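Subject: Structure handover

Hello,

Here is the structure I said I would pass on. My notes on it come after the sequence and model.

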Amino acid sequence: RKNSPRTSQKPPVQSNITEMVSITDHLLELFGAAIRASFPNLTDPPVIITPSTNAKFGDYQCNSALPIAQVLKNQGEKVSPRDIGVKITTNLAASPLVEKTEVAGPGFVNVFLEKKYGVNAISSVLKNGVKPPKFKKSRVIVDFSSPNIAKEMHVGHLRSTIIGDSICRLLEFLGHDVVRLNHVGDWGTQFGMLIAHLEDRFPNFTKESPPIGDLQAFYKESKKRFDEDEVFKKRAYSCVVKLQSGDPDSTKAWQLICDVSRKEFQKIYDRLDIKITERGESFYQSRMVDIVKELTSKNMLEEDEGRKIMWGEQHGQGIPLTIIKSDGGFTYDTSDMAAIKNRLAEEKADWVVYVTDAGQATHFKSIFSCAKRAGILDPTKHRIDHVGFGVVLGEDGKKFKTRSGDTVKLVDLLDEGLKRSLDKLKEKERDKVLTPDELKKAQESVAYGCIKYADLSHNRNNEYIFSFDKMLEDRGNTAVYLLYAYTRIKSIARNCGKDFTANIKKIIQETPIPVEHEKEWKLVKVLLKFPDVITKISKDLCLHHLCEFVYDVSTTFTEFYDSCYCIEKNPQGEIIKVNNGRVLLCEATAAILGECFDILGLKPVSKI
Ligand code: ARG
């Protein structure tokens with residue numbers, strides 16, 4: 001194997017970069033080019049970039065030398081990993097992000113970040129705001145929350161609501177065209193008994209809205225009759241048929257029942273500030289008829305004990321969908337086949353995200369596989385994700401229940417959050433400092449913030465223990481700690497006096513971000529990870545990375561603030577000196593934290 005001369009293959013120097021970019025992506029490109037130039041005969045050589053675990057080894061590392069040595073060895077060529085590392089660095093183009101590189105041990109290339117880049121990038125945050133990393137814009141449908149009419153909206157739906165909303169916020173920040181859909185369970189056989197029961201209990205229902213406040217109790221009553229009374233059962237079945245064929249009275253009854261649930265759901269969404277558009281299973285009724293026709297004509301449905309089922313791409317593998325029940329009715333599977341077709345073909349989505357508990361993973365696997373087989377889903381064009389999450393447990397490690405063993409009503413849960421958050425604020429004697437209005441704002445910010453943050457900060461794939469005591473702690477990675485930290489950081493610039501606040505725009509233009517002190521540079525480097533974190537989450541849709549990042553920012557900020565004076569005061573408490581550059585660093589920290597809070601659905605308040 002012959003190597004061409006190195007110099008001629010050296011990629012051109014990158015143009016200057018003055019805003020925050022994903023450092024990992026940039027280094028992948030930079031090292032990728034150097035590695036390909038060093039080993040032109042290797043197809044797809046491994047390019048591995050990781051953040052360094054020890055400051056001694058720089059800020060990032062390229063760990064490709066060892067695997068490349070292995071590949072070469074397999075081809076019968078013996079080269080020491082260290083020589084490979086050296087070769088990579090000689091072919092490495094200059095980059096505005098890289099101060100220097102060093103080859104260490106068996107060919108690890110340690111990368112030290114360039115301070116000038118840090119200064120420029122953080123300064124651009126203050127000048128232009130926190131900008132997202134550049135992405136191809138997609139049309140994304142996020143199917144989340146999705147409770148069922150007449151049944152309770154439980155903590156599982158709360159998780160879906162919180163995680164789904166945060167994913168939407170992230171995608172919106174990235175500039176995607178996001179459609180937030182509430183796929184409520186508003187169709188199906190349970191409506192037969194509900195309608196039949198409504199007709200009996202409130203015969204006047206077409207003229208006067210029936211007072212069914214407690215729809216769950218109403219559901220239980222009708223279920224009891226359905227199970228015990230054969231005549232009622234028959235009527236319930238005929239009611240479903242009437243509803244599905246568009247009979248006006250049945251439709252009216254169905255509408256009334258849905259409205260009761262809808263109002264309850266909306267209360268939760270309003271309190272948590274969740275925007276979502278309802279498009280329930282009923283929306284797909286005619287589309288279910290169409291998809292059944294399509295799948296039948298494509299010969300994809302099979303008889304199975306009176307049912308019609310559909311296998312995915314691999315016949316006999318996994319679990320088949322039930323497209324038509326033996327009584328001729330449609331199922332949850334049918335509605336999801338109709339929905340995926342609608343979303344990809346009619347709505348022209350490039351990407352669909354489903355947020356439900358992990359228990360539905362097999363269902364979605366089958367749906368995706370069948371959609372591929374039917375030519376609806378094209379993996380080369382569409383991205384599809386089932387975002388699963390683990391079950392919510394109580395502090396005793398068992399299924400989340402009230403003391404008396406009932407399922408916890410979400411409204412009660414949010415009310416308890418409010419009460420606990422107020423207790424916490426009173427314990428800190430904040431009620432003596434804040435006005436009643438400020439106290440109320442702080443109470444809500446803490447209550448809803450801690451419920452959301454506790455959920456998002458855990459890896460969603462695991463089960464999660466719901467504990468008000470834990471989530472309201474003011475130490476560690478909790479919403480309370482972060483909201484306080486943020487408010488404190490925001491107040492620094494405000495406390496600098498008029499000379500600073502009135503001239504901040506000018507100060508931003510004229511003052512470089514300081515990176516001389518070790519703690520200044522450390523804080524800047526943590527902030528610079530923001531685009532990397534966002535990029536990572538857009539791939540795995542795991543929000544806990546962002547929670548780890550904000551915690552990292554807050555603790556690193558504290559280190560900086562403890563050792564670097566921002567404002568100097570005389571013994572009388574008067575300001576004698578403001579270190580403008582450092583205060584700007586505080587402002588940039590607040591700007592980036594603020595953006596993260598926005599993605600996480602936290603609402604910081606100016607006083608807490
Ligand atoms: N209503 C369902 C449930 O409560 C969730 C629906 C999720 N979305 C979907 N397209 N299947 O479990």
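The model is predicted: local features need pLDDT of at least 70 and side-chain atom pairs count only at pLDDT 80 or more, while totals for chains, interfaces and linings use all residues. Residues are numbered from 1 along each chain as its sequence is written.

Whole chain

The chain has 23 helices and 16 strands. These are DSSP runs numbered from the N terminus, with helices being H or I of at least four residues and strands being E of at least two. The C-alpha trace spans about 85 × 75 × 45 Å along its principal axes. Of the 608 residues, 40% are buried. A residue is called buried if 20 or more other C-beta atoms lie within 10 Å of its own, exposed if 12 or fewer, and partly exposed in between, with C-beta atoms placed from the backbone. Among contacts with a separation of 6 or more, 73% are between residues 24 or more positions apart. Two residues are in contact if their C-beta atoms, placed from the backbone, lie within 7 Å.

Annotated domains

UniProt, in an unreviewed entry, gives residues 25-113 as "domain: Arginyl tRNA synthetase N-terminal". That stretch is 38% helix and 21% strand, and its end C-alpha atoms are 14 Å apart. Residues 482-608 carry the UniProt annotation "domain: DALR anticodon binding", also from an unreviewed entry. Here the chain is 68% helix and 6% strand, with end C-alpha atoms 11 Å apart. UniProt positions are in the numbering used here, feature names are shortened, and annotations may be inferred rather than shown by experiment.

Two packed helices are described by the angle between their axes and the distance between the axes. The axes of helix 7 (residues 190-201) and helix 9 (residues 230-244) come within 7 Å and cross at roughly 110 degrees. Axes are lines fitted to C-alpha atoms, for helices over the stretch in contact, and angles run from 0 to 180 degrees between N-to-C directions. Helix 7 and helix 9 are therefore roughly perpendicular to each other. Helix 7 contributes Phe191, Gly192, Met193, Ile195 and Ala196 to the contact, and helix 9 contributes Phe232, Arg235, Ala236, Tyr237, Cys239, Val240 and Leu243. These residues divide into 10 nonpolar, one polar and one charged. Ala, Val, Leu, Ile, Met, Phe, Trp, Tyr, Cys and Pro count as nonpolar, Asp, Glu, Lys and Arg as charged, and the others, Gly among them, as polar. For the angles, under 35 degrees counts as roughly parallel, over 145 as roughly antiparallel, 65 to 115 as roughly perpendicular and the rest as oblique.

Helix 10 (residues 248-272) has 25 residues and runs 35 Å from its first C-alpha to its last, close to the 36 Å expected at 1.5 Å a residue. The expected span is 1.5 Å times one less than the number of residues. Its buried residues are Ser250, Ala253, Trp254, Ile257, Cys258, Ser261 and Phe265, and they pack against helix 7, helix 8 (215-228) and helix 9. Asp273 follows helix 10 and has a positive phi, near 55 degrees.

Helices 6 and 23

Helix 23 (residues 580-600) is mostly covered, with 17 of its 21 residues buried. Ser166, Arg169, Leu170 and Phe173 of helix 6 meet Asp598, Ile599 and Leu600 of helix 23. This contact divides into four nonpolar, one polar and two charged residues.

Single residues

Most residues other than glycine have a negative phi. Ser145, however, has a positive phi, near 70 degrees. Ser145 sits in the loop between strand 5 (139-143) and helix 6 (155-173) and counts as buried, with 28 C-beta neighbours inside 10 Å. Leu541 also has a positive phi, about 50 degrees. Leu541 is in the loop between helix 21 (530-540) and helix 22 (544-563) and is buried, with 20 other C-beta atoms within 10 Å.

Lys87 lies in helix 4 (residues 81-90). Lys87 counts as buried because it has 22 C-beta neighbours inside 10 Å.

Regards
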